[in-house]
Amino acid sequence: MYAAPIRYRPELEQVKPDEAETIAQLNATFDRILETTNEDYGHAVRAVHAKAHGVLEGTLTINADLPPELAQGLFATPGEHRVMMRLSTNPGDILDDAISLPRGLAIKVFDVDGARLPGAEGRTQDFVMVNGKVFQAKDADKFLGSLKLLAPTTDAIEGGKKALSAVLRGVRSAIGAVGIESPAINSLGGAPNVDPVGETYYSVTPFRYGDHVAKFSLRPIAPGLRARKGDIIDTDGERDAIRRTVQEDLRDTEGEWEFRVQLARDEAHQPIEDPTVEWDEEEAPFHRVGVIRTRAQDSWDPARVEQVNEQMRFSVWTGLAAHQPLGNINRARRDTYRHSADFRARANGCPIHEPV
């Protein structure tokens, strides 16, 4: 028997007095990455998750007859919504796939009605996830420290990054053998070079879930996707091997993923302000609230890639007030996501607007 889900209340968040200063420094550090990549490529790209490996169009079907604690926000009304999905890797530069990094998944849900977060344009709801259960830094200040170290390496020679990645994969394998997981090593290039379509993705940070608090996850359930779980991609001599692999995976395969919600049930064991703490699924299980399906398609269709890569932004702060991002990391993301998107719009002369 599980404990009752905790009720959302503003006091769950603990705002630090120096958050505005940290956010300003994050923006300045992201500017260094954005300006460097813009100069290198002659085109502005995202400050994080710059390299896409696949762009998919599909539908989200929200489950009918959900219990009251799960029938919240977007998921309060059964039905079907169009979605766009973007598969990526973490860095703000477009690297050779031999540099193995965590996978990212951004989802944009269309035609979403309801009271919106401050500044959230349009009628969409975004979810941003990675294939890991925890964030690499406890708070924005610690993340800033790591970012300041990484920013100068943005256009460093890729050969050195490849060599470091190979070493870190060995280190990760060694510590993984004794049951230790290191998000920091993964983020530096030690992540296993897995096929993105077989991965389970997590929000890692908490969000308001109507009357409650939750984290989100997307898990593949189609047999063709689950069969690729843990598959390692051979990137030898192929800069965009992940993109090709995803294309081959999905060209003749229908995709199906379950969208899951993990309700917080204990304020001490499922903290709001520390995303380095994994919420134990034995205490706070995930529950399916919907299913995303995609038809067999070209995951690198030029028109769709242009639409999503150049004309869209993804932000955890785009959506309903019922799914307000919570915690220090999420509060920092509000301005930094917008800052990056505005830079791209100015540099590329391509305004970004949320679909209405």
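## Aromatic cluster

Rings of Phe, Tyr and Trp (its six-membered ring) count as a pair if their centres lie within 6.5 Å; planes under 30 degrees apart are stacked, over 60 edge-to-face, and the rest tilted. One aromatic cluster is formed by Phe75, Phe127, Phe207, Tyr209, Phe216 and Phe259. The model is predicted, so local features need pLDDT of at least 70 and side-chain atom pairs count only at pLDDT 80 or more, while totals for chains, interfaces and linings use all residues. Residues are numbered from 1 along each chain as its sequence is written, and side-chain values use heavy atoms, with hydrogens and water left out.

The structure holds 10 aromatic pairs. One of them, between Phe75 and Phe127, is tilted, at 6.4 Å centre to centre and 45° between the planes. This pair links distant parts of the chain, 52 residues apart: Phe75 is in the loop between strand E1 (52-62) and strand E2 (79-89), and Phe127 is in strand E4 (residues 125-130). Helices (H or I, at least four residues) and strands (E, at least two) are DSSP runs, numbered from the N terminus. Phe127 also forms an edge-to-face pair with Phe216, at 5.1 Å centre to centre and 80° between the planes. Here the link is from strand E4 to strand E7 (residues 212-220), 89 residues apart.

## Nonpolar cores

A nonpolar core is a set of buried Ala, Val, Leu, Ile, Met, Phe, Trp, Tyr and Cys residues joined through side-chain atoms within 4.5 Å. Buried means under 20% relative accessible area, exposed over 50%, and partly exposed in between (1.4 Å probe, protein chains only). The largest nonpolar core has 51 residues, of which Phe75 and Ile107 touch the most other members. Apart from this core lies another, of 21 residues, including Phe135, Ala140, Leu147 and Val204.

Both Phe75 and Phe127 are buried, and so is Phe216. Contact means heavy atoms within 4.5 Å. Leaving aside neighbours within four places in sequence, Phe75 is in contact with Leu60, Ile62, Leu66, Leu70, Phe127, Tyr209, Phe259, Val289 and His323.

## Tryptophan 317

Trp317 lies in the loop between helix H7 (302-311) and helix H8 (328-348). Trp317 has a relative accessible area of 11% and is therefore buried. The C-alpha atoms of Trp317 and Asp126 are separated by 7.6 Å, although the two residues are 191 residues apart along the chain. Beyond its neighbours within four places in sequence, Trp317 is in contact with Leu117, Ala120, Gln324, Pro325, Asn330, Arg331, Arg333 and Arg334.
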